[in-house]
Amino acid sequence: MEPRVLCVLLLVSTLALSSLAQGQLEMCVVDPHKRTNCGSPGITPSQCKDKGCCFDNTVRGVPWCFFPVAVDNPPEEECSF
């Protein structure tokens, strides 16, 4: 294949995978003391996720069901020809 075709395929694959990976995990990495509450006391993980929020009950004294945050993506590397 030509280098340009490979570069385009690589770019498309990277974008597709990064949009999948950017989902719940990266958006739910929030400093526990910066979490914004998204649920009521006693909410279950599935109820929280159904609301589109993140659930992490590993830290006491902070919201366990909280809003996700936007993740800044680094600029994509350009292919050189």
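At 9% relative accessibility, arginine 35 counts as buried, where buried means under 20% relative accessible area, exposed over 50%, and partly exposed in between (1.4 Å probe, protein chains only). This is a predicted model, in which local features need pLDDT of at least 70, side-chain atom pairs count only at pLDDT 80 or more, and totals for chains, interfaces and linings use all residues. Residues are numbered from 1 along each chain as its sequence is written, and side-chain values use heavy atoms, with hydrogens and water left out.

**Arginine 35 and its loop**

Arginine 35 is placed in the loop between H2 and H3; helices (H or I, at least four residues) and strands (E, at least two) are DSSP runs, numbered from the N terminus. Its side chain reaches the backbone oxygen of proline 63 at 3.0 Å, a polar contact being a pair of N or O atoms within 3.5 Å, of which, within protein, one must be able to donate a hydrogen and the other to accept it, while residues adjacent in sequence count only if both atoms are side-chain atoms. Leaving aside neighbours within four places in sequence, arginine 35 is in contact with Val30, Asp56, Val62, Pro63, Trp64 and Phe66, contact meaning heavy atoms within 4.5 Å.

Valine 30, one of those partners of arginine 35, also has its place in the loop between H2 and H3. With a relative accessibility of 13%, valine 30 counts as buried, and, residues up to four places away in sequence not being counted, it touches Arg35, Phe66, Phe67 and Val69. Lysine 34 lies in the loop between helix H2 (24-27) and helix H3 (45-50), yet lysine 34 is exposed, with a relative accessible area of 64%. Serine 40, which lies in the loop between H2 and H3, is partly exposed at a relative accessible area of 47%.

| Residue pair | Separation in sequence | C-alpha distance |
|---|---|---|
| Valine 30 and valine 69 | 39 residues | 7.3 Å |
| Lysine 34 and phenylalanine 66 | 32 residues | 9.6 Å |
| Serine 40 and cysteine 65 | 25 residues | 8.1 Å |

**Core and aromatic pair**

The largest nonpolar core has five residues, namely Cys38, Ile43, Cys48, Cys53 and Cys65; such a core is a set of buried Ala, Val, Leu, Ile, Met, Phe, Trp, Tyr and Cys residues joined through side-chain atoms within 4.5 Å. Within this set, isoleucine 43 touches Cys48 and Cys65, and it also touches Lys51 and Phe55, again not counting residues up to four places away in sequence.

Rings of Phe, Tyr and Trp (its six-membered ring) pair if their centres lie within 6.5 Å, with planes under 30 degrees apart counted as stacked, over 60 as edge-to-face and the rest as tilted. By this rule the count comes to one aromatic pair. The rings of phenylalanine 55 and tryptophan 64 have centres 6.5 Å apart and planes at 80°, so the pair is edge-to-face. Tryptophan 64 is partly exposed, with a relative accessible area of 36%.

**The chain as a whole**

The chain contains three helices and two strands, and from the N terminus on its elements run α-α-α-β-β. Of its 81 residues, 16% count as buried. Among contacts with a separation of 6 or more, residues 24 or more positions apart account for 57%.

Confidence is expressed as pLDDT, the predictor's confidence in each residue, from 0 to 100. The chain averages a pLDDT of 77, and 59% of the residues score at least 70. Over residues 15-23 pLDDT stays under 50, and for that stretch the model has five contacts beyond four places in sequence.
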